[in-house]
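Please read them with the structure open beside the text.

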Amino acid sequence: MIDDGYTFREAGCLVRPLTASLISKVSAFIEQGKWFKIDKLLWRAPWFIGDADKLTEDDKNTLVSVMVGFDLEKSQADLKKAVLLKITRPLLANRSCDTCKQFLFDTDTDKPYLRDGYKMVKRESHIVLPCDTREGCPKGHHSDPIHLSEINEKAWNHYLDWRAVGLTDFQRSCPVLRGNWRIMDKLAKKHGI
Amino acid sequence: MEFRKYLSELVTRRTNSNPKETLEDEVLEMIDIERGADLDERSEVTIPTEVTDVDELATESSSLEGIKKPATDPAIPTTLPEDPKGSIEKENADFPPLYTHGDTPGEFEGSRQEVTYQEDAELNEAAELEPPDGNTPTFGEREVEPEPEYDTTPTPVKSERPVEPNITETYESVDTSEAEPSTQKVSSESQAEIRIPQPDEEIEQAEFSTIEVPDELDLTFNEMIKYAEQQLRDEKKDRVVLHEQRYDHFKLPPVPEHLYSTYDNIYRISQRMMEYERL
């Protein structure tokens, strides 16, 4: 099992989302009516771990809804933005928007303004939030901020855990993991993390 | 629902939602954004795929050569036509041959004389090029436009800013002569409008009375804070301007304006600085 957040447990099996290229392959097989090839493609590792022979129609529907229905492109785009923010502006990335609404922060250093050396300065109601200004906040608007989702946080931690020792052959065989690592590794190397 | 039907529905929905956006596109986009390039520019760039056909490659290379070379007009001959010896000399009989570097020593004497002659010929040519009327410009000369005819009747220029010495004159004239009071007023008003305010120092001095900690004292940070406090107490000034470089040394986040407008806050700032120093 690859514990990078992109493995889901459904109907007693473990499934991972399919990439766009695999989905297009499935689509081609559907057009050609080659269902035996689709079965061969879908129910195998690394994106499926379980007993395929025991699966009912409903189980298959549930599993396929995860494998094909998961919006991988959006998730990976979010991962890219969130990791970039986490690397370049760690204080801002780790700060919640509610905290920013309550207290004053320096937009250049992302540190809080302190009174008497330790008291955080409260934000008055008339002071505009950085995300409401024309320049905006690098984190985006507080209604939809850039943040690491639960899945992507697991993926980032998985990358930090495994990058020193490398991946196993089984992990390497997963295209989703390779795609995620390509994004994170590129950003990490670029910014010297 | 039947599995096959459900799967086909799902697949069509997914392919329709993101028809071409793949991870590679995302990564390329990311690279472009990091490089600061425009995405529209990227879309215009076409990366050539594998070239399997050699002829195709040859045509591509020839097309590239064609881009490098300028387009040649068939009407203009690129090379000189081969001419029997003597015809060119016949054409250039009026112009003597120039001395060139590759001349043989035997021809040197004659060619040097001819050079002097050539100079004379050039001068004559230049004299011939001069226009008979003298209005049209020659090479190297700047074209001089005919001066416009100005209206000689005096008109008051309102927008023009008066020069400093003239101000006194205008005031004097206001005092002495009552014949043209309206024009004089206009000039003084226009000067007041145009007048640019001086740098902020004056304004600050008007609002606050400041003390600047002199750099020559070469104080440590704590000494400087004490000096500032002492100055504030003794001189009863509103604020102290710390040395800029020393202030930057601590790399503090900028202090909100309302925090350092009064005397007490100097001490607060100093405390904050020490806090950061400790960190």
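This is a predicted model: local features need pLDDT of at least 70, side-chain atom pairs count only at pLDDT 80 or more; totals for chains, interfaces and linings use all residues.

**Notes on the two chains**

1. In chain B, which has 279 residues, buried residues make up 4%.

2. The secondary structure of chain B comes to twelve helices and two strands, and from the N terminus on its elements follow the order α-α-α-α-α-α-α-α-α-β-α-β-α-α. For chain B contacts with a separation of 6 or more, 47% are between residues 24 or more positions apart.

3. Chain A is built from nine helices and five strands, and read from the N terminus its elements run β-β-α-α-β-α-α-α-α-β-β-α-α-α. When contacts in chain A are taken between residues at least 6 apart in sequence, 64% of them join residues at least 24 apart.

4. Helix 4 of chain A, residues 72–88, deserves a separate point: it has 17 residues and spans 24 Å from its first C-alpha to its last, close to the 24 Å expected at 1.5 Å a residue. Its buried residues include A:Leu72, A:Gln76, A:Leu79 and A:Lys80, and also A:Ala82, A:Val83, A:Leu84, A:Leu85 and A:Lys86.

5. Which residues have the most contacts inside the largest nonpolar core? They are A:Ala82, A:Val83, A:Leu85, A:Trp156 and A:Met184, in a core of 21 residues. Helix 4, helix 5 (90–94), helix 7 (150–162) and helix 9 (175–190) of chain A each supply at least two residues of this core, and the largest share, six residues, comes from helix 4 of chain A. Apart from this core lies another, of 13 residues, with A:Leu18, A:Trp43, A:Val64 and A:Met67 among them.

6. Leaving aside residues up to four places away in sequence, A:Leu85 touches A:Leu92, A:Ala93, A:Pro138, A:Lys139 and A:Ile146.

7. Between the chains, the axes of helix 3 (residues 57–67) of chain A and helix 1 (residues 3–17) of chain B come within 9 Å and cross at roughly 10°. Angles under 35 degrees count as roughly parallel, and the two helices are therefore roughly parallel to each other. On the chain A side the contact is made by A:Glu57, A:Lys60, A:Asn61, A:Val64 and A:Ser65 of helix 3, while helix 1 of chain B contributes B:Phe3, B:Tyr6, B:Leu7 and B:Leu10.

Conventions. Residues are numbered from 1 along each chain as its sequence is written. Chains are lettered from A and ligands numbered from 1 in the order in which they are written. Helices (H or I, at least four residues) and strands (E, at least two) are DSSP runs, numbered from the N terminus. The expected span of a helix is 1.5 Å times one less than its number of residues. A residue is buried if 20 or more other C-beta atoms lie within 10 Å of its own, exposed if 12 or fewer, and partly exposed in between; C-beta atoms are placed from the backbone. Axes are lines fitted to C-alpha atoms, for helices over the stretch in contact, and angles run from 0 to 180 degrees between N-to-C directions. Angles under 35 degrees count as roughly parallel, over 145 as roughly antiparallel, 65 to 115 as roughly perpendicular and the rest as oblique. Two residues are in contact if their C-beta atoms, placed from the backbone, lie within 7 Å. A nonpolar core is a set of buried Ala, Val, Leu, Ile, Met, Phe, Trp, Tyr and Cys residues joined through C-beta atoms within 7 Å.
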